[in-house]
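User: Hi, I am new to this structure. Could you walk me through it with a few questions and answers?

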Amino acid sequence: MINGVGNASGRAEGIKEGIEIGEERGIAKGREEGIQQGKEESAIKTAITLLQFGDYSVEKIAECTNLSVETVKKFAK
């Protein structure tokens, strides 16, 4: 190693690798959050449709959609 050049090179590679790992984790987390948001939006649409039928209680709709009773009540009005 001349004048610490090898050490700087290794440090730069480590930083690059760390950034790549961070990006991968960020993408995975964003993807998971997007999937979760999509599931929730789908459950809300289903709840609204069931409420429009008028054949089901708020409690039963909450149970079937995995939404809270409070969330379903928001759309029952």
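**A first look at the helices**

User: How does α2 pass α3, in a left-handed or a right-handed crossing?
Analyst: Happy to start there, with the note that this is a predicted model. Helix α2 covers residues 58–65 and helix α3 covers residues 69–76. The crossing that α2 makes with α3 is right-handed.

User: At what angle do the axes of α2 and α3 cross, and what does that make α2 to α3?
Analyst: Two packed helices are described by the angle between their axes and the distance between the axes. Here the axes come within 9 Å and cross at roughly 120°. An angle over 145 degrees would count as roughly antiparallel, and 65 to 115 as roughly perpendicular, so α2 is oblique to α3.

User: Which residues meet there, and how many are nonpolar?
Analyst: From α2 come Val-58, Glu-59, Ile-61 and Ala-62, and they meet Val-69, Val-72, Lys-73 and Ala-76 of α3. Of the residues in this contact, two are charged and none is polar, and the nonpolar ones number six.

User: Is Ile-21 buried, partly exposed or exposed?
Analyst: Ile-21 sits in helix α1, residues 5–53. Its relative accessible area is 34%. Buried would need under 20% and exposed over 50%, so Ile-21 is partly exposed.

User: How far apart in space are Ile-21 and Phe-53?
Analyst: In sequence, Ile-21 and Phe-53 are 32 residues apart. From C-alpha to C-alpha, their separation in space is 49 Å.

User: Which element has the highest mean pLDDT?
Analyst: The protein as a whole has a mean pLDDT of 91, with 92% of its residues at 70 or more. Among its elements, α1 has the lowest mean, 92, and the highest, 97, belongs to α2.

Notes:
Residues numbered from 1 in each chain as written. Predicted model: local features only at pLDDT ≥ 70, side-chain atom pairs only at ≥ 80, totals over all residues. Heavy atoms only, no water. Helix = DSSP H or I, 4+ residues; strand = E, 2+ residues; numbered from the N terminus. Buried < 20%, exposed > 50% of the residue type's maximum accessible area, 1.4 Å probe, protein only. Axes fitted to C-alpha atoms, helices over the stretch in contact; angles between N-to-C directions. Parallel < 35°, antiparallel > 145°, perpendicular 65-115°, else oblique. Left-handed = near helix turned anticlockwise from the far one by under 90°. Contact = heavy atoms within 4.5 Å. Nonpolar A, V, L, I, M, F, W, Y, C, P; charged D, E, K, R; others polar. pLDDT = per-residue confidence, 0-100.
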